[in-house]
Amino acid sequence: MANWFIIWALIAGQLALIVRFGLNIINGRWNRKRAVGFFHPYTNDGGGGERVLWCAVKAIQEESPDLDCVVYTGDHDASPQSLMGRAIDRFGVKLLHPPKVVHLYKRKWVEETTYPRFTMIGQSLGSIYLSWEALCSFTPLYYLDTSGYAFTYPLARIFGCKVICYTHYPTISLDMLSRVRDRNSMYNNDAGIARSIWLSRFKIIYYNLFSLMYGFAGSCTHLAMVNSSWTQSHIEKIWKIPDRTKRVYPPCDTSGLQVLPLERPANPPKIISVAQFRPEKAHKLQLEAFSVAIGRLDAESPRPKLQFVGSCRNEADEERLEGLKNRAVELKVDADVEFHKNVVYRDLVNLLAGAIAGIHSMTDEHFGISVVEFMAAGAIPIAHNSAGPKMDIVLEEDGQQTGFLARSVDEYADAILNIIKMPEEQRLKMALAARRRANRFSEQRFYEDFKAAIRPILTHLSKQ
């Protein structure tokens, strides 16, 4: 008898949860507000993703003034006025009016530290729980994800929302699968796993299963905006919705860099690197290429300087920075290398104004805002020959070369030497072409393309 009572209690509990789940969804569907809900749990990350958020909010306010803009955030100190102030102070984006704010209290379920193992699937499933909290608190007509949480899209559809997303990079890509299959060690494929055939096979199964789930979730969006040709290629293959996928380049604020004079001191010639001191940024490759280039210099050529500019997020980044300094000593180029940590934007502009070249070495960077900034500032880019820089950025402009692409240490060293030895007239011509190319990724271009992409969805629903 006691066993039957326990069984019925469990069944009743499950039924109660199902009923509560259903009632929340019905209530949300019946009470949808004329609003766009921006799912962006971290509104203080300060990166390119946050710039996209505020530019997207401004674009919606201009395109559809009758729609409220609501930001779902886990930052509990965020208020409408503080977010509006942050948009203009940090990014120079002036919103028409403050966005409404819905605070989230379950953000820990999308934090990397919550999942020491199986981080990717853990964060993805955790995002569903966080989105449940968001949609139960406020259900908008339009759900716009600007942080890449694709697993939340089916839930938003269940709540009756039109789902729109701006995807900076796929959570999983075909390149990630191929690296595991080929057992290549990299920042996202641990060396211990790469050395083990059985662990690699298990990871391939895990990645393939995740890819199927990710593909289904992503296909639930009504409109997918992507930030580059590389991202578009992967999203179309995994989500399989090419007719609903639009490329909208991210807003790059290059106006302050475009006015810098192209003429600059060439003795010593300065090469700048701008990136956080994260493992995937491959700073050691830059350092080693610089050392090789110096070793190949002839007596008549000026000796260049390499300037590393970046921020440190945590202790691991600090240790990585110290490792770079030690490596410079080992390569005997420490007198030719400078390190600038956590500089303010004004100082970054001054450093860019003095550089004849900018170096970038991240493999498969989905876009590459730093490369655009080099070009706008008049520093000829030397970028990794993959993904965004290869497919979108470092391309010819009106038949004129705009920079160099490289993969190996020798290729980077050759590019450095080419720029150092380049006649001034040729350098100015290439720098001017690069600056014209950078105009394609302006903030104004983002507003135009973003509005063109969302207009059919907003217009369609307003007619219903």
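1. Two strands count as paired if DSSP finds at least two bridges between them. Helices (H or I, at least four residues) and strands (E, at least two) are DSSP runs, numbered from the N terminus. By that rule, strand S11 (residues 357-359) pairs with S12 through 3 bridges, and the two run parallel. Ile359 faces Ile382 of S12 across this pairing.

2. On the source: this is a predicted model, in which local features need pLDDT of at least 70 and side-chain atom pairs count only at pLDDT 80 or more, while totals for chains, interfaces and linings use all residues. Residues are numbered from 1 along each chain as its sequence is written, and side-chain values use heavy atoms, with hydrogens and water left out.

3. The sheet is open and has 6 strands, in the order S10-S9-S8-S11-S12-S13, with parallel pairing. Strand S10 (337-341) and strand S13 (404-406) are the edge strands; each has a single partner strand, so one side of each lacks a neighbour in the sheet. From one strand to the next the twist averages 20° (axes are lines fitted to C-alpha atoms, for helices over the stretch in contact, and angles run from 0 to 180 degrees between N-to-C directions).

4. Strand S12 (residues 380-384) also pairs with S13, again in the parallel sense, over 3 bridges. Ala383 has Leu405 of S13 as its bridge partner, and His384 has Ala406. S12 is mostly covered, with 5 of its 5 residues buried (buried means under 20% relative accessible area, exposed over 50%, partly exposed in between, with a 1.4 Å probe and protein chains only).

5. How does the chain get from S11 to S12? The path goes through helix H14 (residues 369-377), and this β-α-β crossover is right-handed. That label applies if, with the strands pointing away from the viewer, the path from the first strand over the helix to the second runs clockwise. From S12 to S13 the chain passes through helix H15 (residues 387-393), and that β-α-β crossover is right-handed too.

6. The cysteines deserve a separate point. A disulfide is a pair of cysteine sulfur atoms within 2.5 Å, and a search of the whole structure finds 0 of them. Cys55 is in no disulfide; its nearest cysteine sulfur belongs to Cys252, 9.8 Å away. Cys55 has 0% relative accessibility and therefore counts as buried. Cys220, at 12% relative accessibility, counts as buried as well.
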